[in-house]
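Please give me a guided tour of the structure I have open in my viewer. Tell me what to select at each stop, and what I will find there.

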Amino acid sequence: MQVDEKIVRKIARLARIKITDKEVKALEGELSGILKWVEQLEEVNTDGVEPMTSAEHQPLTQRKDEVTDGGIAEKVVANAPLSEDNFFMVPTVVE
Amino acid sequence: MAKNSELTRLTIVSARKGLDKGDFTAAELTQAHLDVIDAGNKGLNAYVLTTADQAINMARASDKKISAKKPGALEGIPLGIKDLFATEGVRTTACSHILDGFTPPYSSTITRNLWDAGAVMLGKLNNDEFAMGSSNETSYYGPCINPWRRNGDETPLVPGGSSGGSSSAVAAHMCLGATATDTGGSIRQPAAFTGTVGLKPTYGRCSRWGVVAFASSLDQAGPITRTVEDAALMLGSMAGYDPKDSTSINAPVPDYTLALAKGVKGLKVGIPKEYRIDGMSDEIEKLWQQGIEWLKAAGAEIVEVSLPHTKYALPAYYIVAPAEASSNLARYDGVRYGLREPGEDIQAMYENTRAAGFGAEVKRRVLIGTYVLSAGYYDAYYLKAQKVRSLIARDFDEAFEKVDVLLTPTTPSPAFGVGEKGGADPVEMYLNDIFTVTVNMAGLPGISVPAGISDEGTPLGLQLIGKPFDEATILRAGRAIEDAAGDLGTPQDWWSATSGADAAPKKAAKKKKPTKSGGKKS
């Protein structure tokens, strides 16, 4: 798959990464190269093969759905670039 | 008191014995390492942060336990910690600008286990940004350098990646052992490049809690050490069930050190013919053959096996890993921790923060991941890769019906120079993981053991791959390779300010260094 400028801009938008015009040009080539390389998987017959969604060699363990931690709001926001009264502060989302 | 160079050249096992016998104290052992780091880190950039005061305090606490005859399994052993592990009160950034200044108020389960066993933290080690890379060149803190050099050549070589700080520090005697993580080869490839031992356990053997996530179905932590026995000892303290990680294995941790004594007599060792790739260099081919002969001589039986989907593991990995990464790295949005770049609205703030905070390789992988998961492409890429992953895992299941362990080279080449690979074509760098990535795809344990010296004078490693939960057998086989290979030497110290004169006082040594104009004063 050859990705063009439009696709690069679209996925950058989806990934929430601002890219410069210069980066778009370079990424077109790099991403196309990687995608072309991974497309060799098309040679493999995967009819009737289940997708592998986990590398677990044991079933996932389950636990009771209960509160085991908490009451540490100050620690939770300690690394925030901006916080007030233990809330994360962000630019206005809803006018 | 022993000289620094004597103390820093000990193995973990011999240092433990010396501490218990009272030959030296944990404080002396730690100080010796801090001095070696102080003199040499500028040359190698292995540590991105040292925690000298904390290290000495931890060592003094260890000395008390040792005097009380109550030492833990790693009591007083100074370790380096990859910057991917959250360390309470100590900056943890995954060597990314986007985690600038992040200071976790908690400790990863692995580091917690190590401190509980008595280990001492020397500092945080360099790695590729978010563990994405095979050369440690994508780190926000700059590349880490391999202490090894080619014969008669001063070209700086990479220590491998992503755990390059770990491998470099262990090889350069800047710690007795280090934690590392492996998503596609990030423990084993750096170990091979630096003549050290790198063990990636079975998926789920070591808790991922508090380890910065890259690709959650592939990530696994393990040790880098100078001997197989040290790896066995360190893994014993790192491993274990953790209710905080739902994929953690709930099974007892065997005594890996005891298992080593069993040897390899009667062990069935598989040689996967598909690893004999086109264009494999003679020296790698020769090294592999030598490994086969060594194991045979030690009493193992050699069996040729087939892993037919080997060549598809790397392309499948470069769909699965970026897909998981794009999802895991969505959390870096400038709201909860790390860097924030302002914008006119919240969308612009997200986009500006992530543009400024992520390096080029991380951006590439997040974009690839976003693409293969996006509407219209999901089935063709992501689902297809997951199906191929099933076939890769099935190949291993079938091989392990016939053999106990597999032997392969760890890497297709010895360490390369800084800036030599991947500049124009990212895939060139990805190909480094061709022999290691299969193991992550199937969730198996693997170990790289130093096995020889390349024509260029740099180390080469052999890899042993085991059945799920069977770290003991790869350690046994690894030990047999280590014994047969003998002493491969250590790199000549060119990186220290004191250039090996460890008896010289630090201050005097610093004064001797020529002052470069424009250089920052420390």
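Here is a tour in short stops, one selection at a time. Keep in mind that this is a predicted model.

**Stop 1: the sheet of chain B**

Show chain B as a cartoon and look for its open sheet of 11 strands. Read the strands across in the order 1-3-2-4-6-5-10-11-9-7-8. The pairing is mixed. Strands of a sheet pair through backbone hydrogen bonds, either parallel or antiparallel.

Now colour the two edges. Select residues 47-50 of chain B for strand 1 and 301-305 of chain B for strand 8. Each of these edge strands pairs on one side only. On average, neighbouring strands of this sheet are turned by 30 degrees against each other, direction ignored.

Next, select helix 10 of chain B, residues 282-297. This helix packs on the sheet. It touches strand 7 (268-272), strand 8, strand 9 (405-409), strand 10 (446-453) and strand 11 (459-466) of chain B. The directions of helix 10 and strand 9 of chain B make an angle of about 150 degrees.

**Stop 2: a parallel pair**

Select residues 78-82 and 120-125 of chain B, which are strand 2 and strand 3. How many bridges join strand 2 of chain B to strand 3 of chain B? There are five, and the two strands run parallel.

**Stop 3: strand 11 of chain B**

Select residues 459-466 of chain B. Are the residues of strand 11 of chain B buried or exposed? Eight of the eight are buried, so the strand is largely enclosed by the rest of the structure. Show the side chains. P459(B), G461(B), Q463(B) and I465(B) point one way. L460(B), L462(B), L464(B) and G466(B) point the other way.

I447(B) is the bridge partner of L464(B). Strands 10 and 11 of chain B form a hairpin with five residues between the strands. Click on G457(B) in this hairpin: its phi is positive, near 95 degrees.

**Stop 4: helix 6 of chain B**

Select residues 164-171 of chain B. Eight of the eight residues of this helix are buried, so helix 6 of chain B is largely enclosed by the rest of the structure. Among them are G164(B), S167(B) and V170(B).

Step back to S162(B), in the loop between strand 3 and helix 6 of chain B. The peptide bond from G161(B) to S162(B) is cis, with omega near 10 degrees.

Now step forward to H173(B), in the loop between helix 6 and strand 4 (177-182) of chain B. Its phi is near 60 degrees, a positive value in a residue other than glycine. H173(B) counts as buried, with 23 C-beta neighbours inside 10 Å.

**Stop 5: where the chains touch**

Show both chains. In this contact, 58 residues of chain B meet 42 residues of chain A. Which helix of chain B gives the most to the side that touches chain A? Helix 14 of chain B does, with 10 residues. Helix 11 (313-328) and helix 12 (346-357) of chain B are among the others that supply at least two residues each. The residues on this side of chain B divide into 31 nonpolar, 16 polar and 11 charged.

**Stop 6: two crossing helices**

Select residues 313-328 and 378-399 of chain B, which are helix 11 and helix 14. They pack at an angle of about 125 degrees, with their axes 9 Å apart. Helix 11 and helix 14 of chain B are therefore oblique to each other. Their crossing is left-handed.

Show the side chains of the contact. Helix 11 of chain B contributes residues including A316(B) and V320(B), and helix 14 of chain B contributes residues including Y382(B) and R389(B). The residues of this contact divide into 10 nonpolar, one polar and one charged.

**Last stop: chain A**

Select R16(A), in the loop between helix 1 (5-14) and helix 2 (21-38) of chain A. Its phi is near 55 degrees, a positive value in a residue other than glycine. R16(A) is buried, with 21 other C-beta atoms within 10 Å.

Conventions: Residues numbered from 1 in each chain as written. Chains lettered and ligands numbered in written order. Predicted model: local features only at pLDDT ≥ 70, side-chain atom pairs only at ≥ 80, totals over all residues. Pairing = 2+ DSSP bridges. Helix = DSSP H or I, 4+ residues; strand = E, 2+ residues; numbered from the N terminus. Axes fitted to C-alpha atoms, helices over the stretch in contact; angles between N-to-C directions. Contact = placed C-beta atoms within 7 Å. Nonpolar A, V, L, I, M, F, W, Y, C, P; charged D, E, K, R; others polar. Parallel < 35°, antiparallel > 145°, perpendicular 65-115°, else oblique. Left-handed = near helix turned anticlockwise from the far one by under 90°. Buried ≥ 20, exposed ≤ 12 C-beta atoms within 10 Å, placed from the backbone.
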